[in-house]
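Welcome, and thanks for taking a look at this one. Please have the sequence and the coordinates at hand as you read.

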Amino acid sequence: MAANIGRGLRSAVTSVTETVFPMSRSIREYPRHHLINAGNELVSNLPLQMALYFNVYFSPFWFLTAIVMLSAKYQSLDFYYKFVLIAVYSVMAIVESTRLYLGYIGNLQEKVPELAGFWLLTLVLQLPLSFLLLFNESMLIMPTERAMNILLVLFVVFETIQGYRAIKRMTEYQVNKFHLHQFDEMSEIQDAQERGPEEIGYRS
């Protein structure tokens, strides 16, 4: 069951990636070892990796601060915002751990689907929820909470921008390597065809 869900999620992410970054379609079905052997240039995004590294250490402190601030102001909140805050923090905790893992794997190992999954989770879920926590004054935002949310928004915005740039560069690089390898294969075939008659004459 879990394996089927994982395959379905990966297929969905791959489909969205091919829609946003059309060039990734041409490399999806091509053997990865051919792309690796075609060159050893690293295309991982260093600013993105640095942001992910610091975000991994920042996230537990942010979540702990959020829980402490929520418990301090819980009785003063309306029933609606009590429910909303609990739901938002629960979703953000799950999304944060998932997207950071996908970001690490996708960027370091140059895997476009994983990196696209990270970017989509950041753009579609984490970014709107972070702005909601930062700007919705009805949630009785406390000074410490606001400071931590500002840092979180900075991380998320920066990672959204760098994630897009990383995916774009990665797909362009792999497509170029794909076409280069095709050109090398055609050259080898032409050389073999040209040497064929000469080798036959030499043997006779």
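## The chain as a whole

A quick note before we start: this is a predicted model. The protein chain contains seven helices and zero strands, and its elements read α-α-α-α-α-α-α from the N terminus on.

Of the 204 residues in the protein chain, 39% are buried. The accessible surface amounts to about 12,300 Å², and carbon and sulfur atoms hold 66% of that area. As for contacts between residues at least 6 apart in sequence, 78% of them link residues at least 24 apart.

## Helix 5 against helix 6

Two packed helices are described by the angle between their axes and the distance between the axes. Helix 5 packs against helix 6 (residues 112-135) at about 150°, and the two axes lie 8 Å apart. An angle over 145° counts as roughly antiparallel, so helix 5 is roughly antiparallel to helix 6.

The residues in this contact of helix 5 with helix 6 comprise 15 nonpolar, eight polar and three charged ones. The crossing of the two, helix 5 and helix 6, is left-handed.

## A look at Ser76

Where does Ser76 lie? Ser76 sits in the loop between helix 4 (46-73) and helix 5 (79-108).

Is Ser76 buried or exposed? Its relative accessible area is 53%, and the cut-off for exposed is over 50%, so Ser76 is exposed. Along the chain, Ser76 and Met139 are 63 residues apart, while their C-alpha atoms are separated by 9.4 Å.

Conventions:
Residues are numbered from 1 along each chain as its sequence is written. This is a predicted model: local features need pLDDT of at least 70, side-chain atom pairs count only at pLDDT 80 or more; totals for chains, interfaces and linings use all residues. Side-chain values use heavy atoms; hydrogens and water are left out. Helices (H or I, at least four residues) and strands (E, at least two) are DSSP runs, numbered from the N terminus. Buried means under 20% relative accessible area, exposed over 50%, partly exposed in between (1.4 Å probe, protein chains only). Contact means heavy atoms within 4.5 Å. Accessible areas come from the Shrake-Rupley method with a 1.4 Å probe; for residues, only the protein chains shown count as cover. Axes are lines fitted to C-alpha atoms, for helices over the stretch in contact, and angles run from 0 to 180 degrees between N-to-C directions. Angles under 35 degrees count as roughly parallel, over 145 as roughly antiparallel, 65 to 115 as roughly perpendicular and the rest as oblique. A crossing is left-handed if the near helix is turned anticlockwise from the far one by less than a right angle, and right-handed if clockwise. Ala, Val, Leu, Ile, Met, Phe, Trp, Tyr, Cys and Pro count as nonpolar, Asp, Glu, Lys and Arg as charged, and the others, Gly among them, as polar.
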